[in-house]
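Have a look at the picture before you read on.

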Amino acid sequence: MTETSTPFAGPEEPGTALVTGATGYIGGLLVPRLLDDGWKVRVLTRSSERLRGRDWIDRVEVVEGDATSEADLRRALSGTDVAYYLVHSMDGGGDLARRDRELAEGFAAAAGEAGVQRIVYLGGLHPEGADLSEHLASRVEVGQILLDGPVPAAVLQAAVVLGNGSVSFDMLRYLTERLPVMVAPQWLRNRIQPIAIDDALHYLVVAASLPAEVDRAFDIGGPEVLTYKQMIQRFAAVTGLRRRVVLTLPVLTPWLASHWVGLITPVDAAVAKPLVGSLVHEVVRREHDLDELVGLPAQGLVDFDEAVRRAMRGVRH
């Protein structure tokens, strides 16, 4: 992997970007940001019906197909300059690590054959050398597969994304709103560096235009480092709730904690399990190299309180 100290100038003219996972939270918000930045956007989806109602649907090219199909990948990647890989297995079914590994290997190979110039992937922020959860370890492995592939990759690693529709944010929201008093797992004391969805989208968009010699992972995050317990209290304060009473116990394993989250919130236990497994670790940026390469958002990074205000606009408690 190599780095560059050359000042970032961006491309003379954006080309064609393929977005996988466009029916998901991040992908669905990324598409209009790319369009506004001048990119021609193509999306790969198993069913175009799932995109019906999106206000950007008439501005993109839709390719119906499956990321497991070599033929579908060839069609989707043909003539593409940048490919966003936003595919994760979080349904709790089968061997998610094997499925993610095979999907990433197939995508990297197909992108190389199609002459794609860059792959951008959003993975998970993680501590070095830790015994990671199955989900987080799989995301790290996927990032490494893409970096080892034939196409230069930018692997962005984020912790909790703060935005209405982000599963990790929804879990924080529902726990805070529904439990004025809670007996919670010990990991609520772990330090986390959350990031506002607007800032995550900024990094994803600019990563598409990194110089060709940049092929590496980058940590991304907001301006504050908080414990999950502090995030609960700050969320309560911003949304006008009373201060929460939070008691932590060391006996709640990630498996038990995920079922606790599934019982208290609308987040399915099968989805909560990988999220909880990720929060067992402290997830804080170790470097700010991407900031130096591409610059911060025009208005600076969004702090936690403002990110919550934006996420909760129009949302009923």
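## The big picture

Two residues are in contact when they have heavy atoms within 4.5 Å of each other. Keep in mind that what you're looking at is a predicted model. Take the contacts in this protein with a separation of 6 or more: 79% of them link residues 24 or more positions apart.

What's the chain built from? Its secondary structure comes to eleven helices and 13 strands. There are 317 residues in the protein, and buried ones make up 54% of them.

## A pair of strands

Now zoom in on strand β13, which covers residues 245-249. Val246 and Thr248 form its covered face, while Val245, Leu247 and Leu249 sit on the uncovered one.

Which way do β13 and strand β8 (residues 181-185) run relative to each other, parallel or antiparallel? They run parallel, and five bridges join them. You can find one spot to check by eye: alanine 184 stands opposite threonine 248 of β13. That threonine is part of the covered face of β13.

## One serine in a helix

Next stop is helix α4, residues 134-148, where you'll find serine 138. Is serine 138 buried or exposed? Its relative accessible area is 2%, so serine 138 counts as buried, the cut-off being under 20%.

Who are its contacts? Leaving aside residues up to four places away in sequence, serine 138 touches Leu96, Ala97 and Asp100.

Note on methods:
Residues numbered from 1 in each chain as written. Predicted model: local features only at pLDDT ≥ 70, side-chain atom pairs only at ≥ 80, totals over all residues. Heavy atoms only, no water. Helix = DSSP H or I, 4+ residues; strand = E, 2+ residues; numbered from the N terminus. Buried < 20%, exposed > 50% of the residue type's maximum accessible area, 1.4 Å probe, protein only. Pairing = 2+ DSSP bridges.
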